[in-house]
Amino acid sequence: MSRLRLLPDPDSFPALDPTFIHARPAEGLGAYQPPPRILLLYGSLRERSYSRLAVEEAARLLRLFGAETRIFDPSDLPLPDQVVGDDHPAVHELREHALWSEGMVWCSPERHGQITGIMKTQIDHLPLSIGGMRPTQGRTLAVMQVSAGSQSFNTVNTLRLLGRWMRMFTIPNQSSVPKAYEEFDDAGRMKPSPLYDRIVDVMEELVRFTVLLRPHGEQLVDRYSERKEAGRVIDPNRDISGIALSSS
């Protein structure tokens with residue numbers, strides 16, 4: 001059983017003006033192959049979930065920009081520590097998709113001024129390290145929120161904090177959709193508006209940063225404390241920075 005959601009109408013863009021679109025927004029910043037791998041998480045189980053609808057719009061755009069996407073369905077995800085050793089198929093699958101990814105999109109509704117429990121549960125099931133592998137460290141992250149009321153940034157601010165804690169590179173741009181119930185039509189598609197345009201901006205930027213950082217990921221997350229703990233000694237003959245230290 002796969003917990004990946006099928007993306008409806010993946011090649012339909014009723015709110016997009018194609019005359020202003022870069023099909024490959026990261027062209028020239030790095031290698032586009034294999035396609036950037038993006039995992040998208042949303043934070044509501046409602047049948048008409050606006051965070052899920054926003055994530056679906058984001059996934060369509062990412063596909064348009066040359067990325068490969070996966071949308072995780074958290075509907076049967078247990079609470080952290082509810083199952084001994086987190087030994088649950090949904091937890092295993094979420095972690096597998098996180099390890100597959102190079103970047104992520106997190107979109108949560110704002111509830112009581114914060115992210116939802118569904119959103120936090122997914123993040124809490126992603127440990128910093130699993131058997132020496134890191135499901136979030138060094139990955140890019142785009143944060144989004146939807147609200148029932150007026151414009152707010154409480155949720156995206158919290159998601160940024162969590163992204164930093166998970167050692168991710170959270171991109172500068174973000175999306176906050178107020179009165180989300182007014183922004184989607186009966187078919188669940190986002191209407192043309194500056195709010196939709198902002199999601200386009202965010203997805204362009206996410207692809208750019210993912211491609212830009214791709215060849216440098218291992219070096220950017222290399223840490224002295226972890227090398228020391230693992231006993232990985234630096235060879236000064238191969239490390240350019242060692243020359244500067246020895247001559248100072």
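Colleague: Is Leu 212 buried or partly exposed?

Modeller: Leu 212 counts as partly exposed, because its relative accessibility is 36%; buried means under 20% relative accessible area, exposed over 50%, and partly exposed in between (1.4 Å probe, protein chains only). Bear in mind that this is a predicted model: local features need pLDDT of at least 70, side-chain atom pairs count only at pLDDT 80 or more, and totals for chains, interfaces and linings use all residues. Residues are numbered from 1 along each chain as its sequence is written, and side-chain values use heavy atoms, with hydrogens and water left out.

Colleague: Where is Leu 212 found?

Modeller: In helix 5, residues 194–213. Helices here are DSSP runs (H or I, at least four residues), strands are too (E, at least two), and both are numbered from the N terminus.

Colleague: And which residues form a nonpolar patch with Leu 212?

Modeller: Leu 29 and Phe 209, and together with Leu 212 they have about 220 Å² of accessible area. Patch members have over 30% relative accessible area and no salt bridge; nonpolar side chains (Val, Leu, Ile, Met, Phe, Trp, Tyr) are joined within 5 Å, like charges within 9 Å. Accessible areas come from the Shrake-Rupley method with a 1.4 Å probe, and for residues only the protein chains shown count as cover.

Colleague: OK, charges now. How many salt bridges does the structure hold?

Modeller: There are 16, each being a side-chain nitrogen of Lys or Arg within 4 Å of a carboxyl oxygen of Asp or Glu. One of them pairs Asp 76 with Arg 3, with the closest N and O atoms 2.9 Å apart.

Colleague: Why does that pair tie together parts apart in sequence?

Modeller: Because Asp 76 sits in the loop between strand 2 (68–71) and helix 2 (89–100), while Arg 3 is in the segment before strand 1, the pair links parts 73 residues apart in sequence.

Colleague: Is Arg 3 buried or exposed?

Modeller: Arg 3 is buried, at 8% relative accessible area, whereas Asp 76 is partly exposed at 27%. Arg 3 also meets Glu 93 in a salt bridge (3.2 Å, N to O), and Glu 93 is buried too, at 9%.

Colleague: What about Glu 226 and Arg 167?

Modeller: Their side chains meet in a salt bridge as well, 3.0 Å from N to O. Glu 226 is in helix 7 (residues 224–230) and Arg 167 in the loop between helix 4 (154–165) and strand 5 (169–170), so parts 59 residues apart in sequence are tied together.

Colleague: Which residues do shared partners join into one network?

Modeller: Arg 3, Asp 76 and Glu 93.
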